[in-house]
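Subject: Structure handover

Hello,

Here is the structure for you to look through. My notes on it follow below.

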Amino acid sequence: MEADFPIILQTSHAVSHIENDLYLPGNLLFADGGALKTSLYGETWTVAGFFAHDGYVEGVWQAARFSWITGFIQLSASKVLVVDKWNHCLRVVNRITNSTSNFAGGCPSSGYIDGCSALFSFPVSVIHNQKNSGQFLVTDSANFAVRTLNVTTAEVGTLFTHNPHMYAGICQDSTTGNIFLTTFDGLAKYDYKTTKVTTILSSAETTIMNGLRLSNPGELLFVCNESLLIADTDNERLFAINLYNRIFMEITANCESSADEIGFADSLTYPSALAMFGDTVLVGDHHYIKKSQYVKGQLLLCSSHYQFSSQQLSI
């Protein structure tokens, strides 16, 4: 399937996560390399960090240093929990003061320890656990684990480990609690009821999706009825699958889009971030945030520009 992706914002670096800004309603809050930024109508302001420099410094505004922000979640309008991957920790950005502080993990030391003196090893993403109101879930990639985080006590635990999967993106079905994760070359599912981990897609294993390939996928979104949208980063496409109906689609940019048409791009460049707002999906890639249309209840993204094709999966 081909699609047009209008550009809504140019960024300084690769965009890894996007949310509606709770502190400044109407703005987009996004991770741009080593910086957390907010934007409205194309104007962008730095909240903390600096995209062109990495390291570990607790500070205010651009004096703070992160070593690649790969995810975040807003704990409230005034506090953002940031995943600082290469510093192996989770940090809090105070929106009122634009200051940073360590929250969990031993910035910049790595390891694998649960408890209030926890250690992570290249954490990537964080989401709220839909089945536990006081808990967050963190993909801890080099520890092959999904960790739990109590944001009141900052205590860290382990939901599960499953070697050799290095988990990156994470999303959850709020009804069943089932968790879906991107790995270095595929997709996995954690059954919240049985606690079983199933490999859905992998180049190293025979799966129900044998023959399909992902390459270093980033974020993924749960849509409905086990339908997922995935940023297939190194293949420069969006990839979607309905596990319930065993249908998948590849979404690539419409190469017939006019290069002179202002606001349109004829390609996705290493897309890694996905966010859904009503009927709109935002895609963060290497230097832009782009958008496309989504029709809820259908398998995948769609608009008048799209040409649909699908393929039935074999078990």
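First, a definition: a residue is buried when its relative accessible area is under 20%, exposed when it is over 50%, and partly exposed in between, with a 1.4 Å probe and protein chains only. Of the 315 residues in the protein chain, 53% count as buried.

This is a predicted model, in which local features need pLDDT of at least 70, side-chain atom pairs count only at pLDDT 80 or more, and totals for chains, interfaces and linings use all residues. Residues are numbered from 1 along each chain as its sequence is written, and side-chain values use heavy atoms, with hydrogens and water left out.

**Confidence**

pLDDT is the predictor's confidence in each residue, from 0 to 100. The protein chain averages 83, and 83% of the residues score at least 70. Two stretches deserve a careful look. Residues 254-265 have a pLDDT below 50, and in the model this stretch has 16 contacts beyond near neighbours in sequence. A contact means heavy atoms within 4.5 Å. Over residues 295-315 the pLDDT also stays under 50, and the model has 58 contacts for them beyond four places in sequence.

**The whole chain**

The protein chain has zero helices and 27 strands. Both are DSSP runs, numbered from the N terminus: helices are H or I with at least four residues, strands are E with at least two. Take the contacts with a separation of 6 or more: 45% of them are between residues 24 or more positions apart. The accessible surface comes to about 13300 Å², and 50% of it belongs to carbon and sulfur atoms. Such areas come from the Shrake-Rupley method with a 1.4 Å probe; for residues, only the protein chains shown count as cover.

**Two sheets to find**

Strands of a sheet pair through backbone hydrogen bonds, either parallel or antiparallel. Here, two strands pair if DSSP finds at least two bridges between them.

Start with S3-S4-S5-S6. These four strands form an open sheet in that order, with antiparallel pairing. Strand S3 (15-20) and strand S6 (43-49) stand at the edges with a single partner strand each, so one side of each has no neighbour in the sheet. Neighbouring strands are turned by 25° against each other on average, direction ignored. For such angles, axes are lines fitted to C-alpha atoms (for helices, over the stretch in contact), and angles run from 0 to 180 degrees between N-to-C directions. Strand S5 (residues 35-40) pairs with S6 over six bridges, in the antiparallel sense. Leu36 stands opposite Ala48 in S6.

Now go to S7-S8-S9-S10. This is also an open sheet of four strands in that order, and the pairing is antiparallel. Its edge strands are S7 (69-74) and S10, each of which pairs on one side only. The twist averages 30° from one strand to the next. S9 and S10 pair over five bridges in the antiparallel sense. Leu90 stands opposite Ala104 in S10.

**The cysteines**

How many disulfides are there? A disulfide is a pair of cysteine sulfur atoms within 2.5 Å. By this rule, the count is one. The disulfide joins Cys89 to Cys107, with an S to S distance of 1.9 Å. Cys89 lies in strand S9 (residues 89-94), and Cys107 lies in the loop between strand S10 (99-104) and strand S11 (123-128), so the pair ties together parts that are 18 residues apart in sequence. The link of Cys89 and Cys107 is right-handed, with 110° about the S-S bond.

Are these cysteines buried or exposed? Cys89 is buried, at 0% relative accessible area. Cys107 is buried too, at 14%. Look at Cys116 as well: it is exposed, at 57%. Cys171 is buried, at 8%.

**Backbone points to check**

Most residues other than glycine have a negative phi, and most peptide bonds are trans. Pro108 lies in the loop between S10 and S11.

Next, check two positive phi values. Glu236 has phi near 55°. Glu236 sits in the loop between strand S20 (227-232) and strand S21 (237-242), and is partly exposed at 32%. Tyr270 has phi near 50°. Tyr270 sits in the loop between strand S23 (264-265) and strand S24 (273-277), and is partly exposed at 40%.

Best wishes
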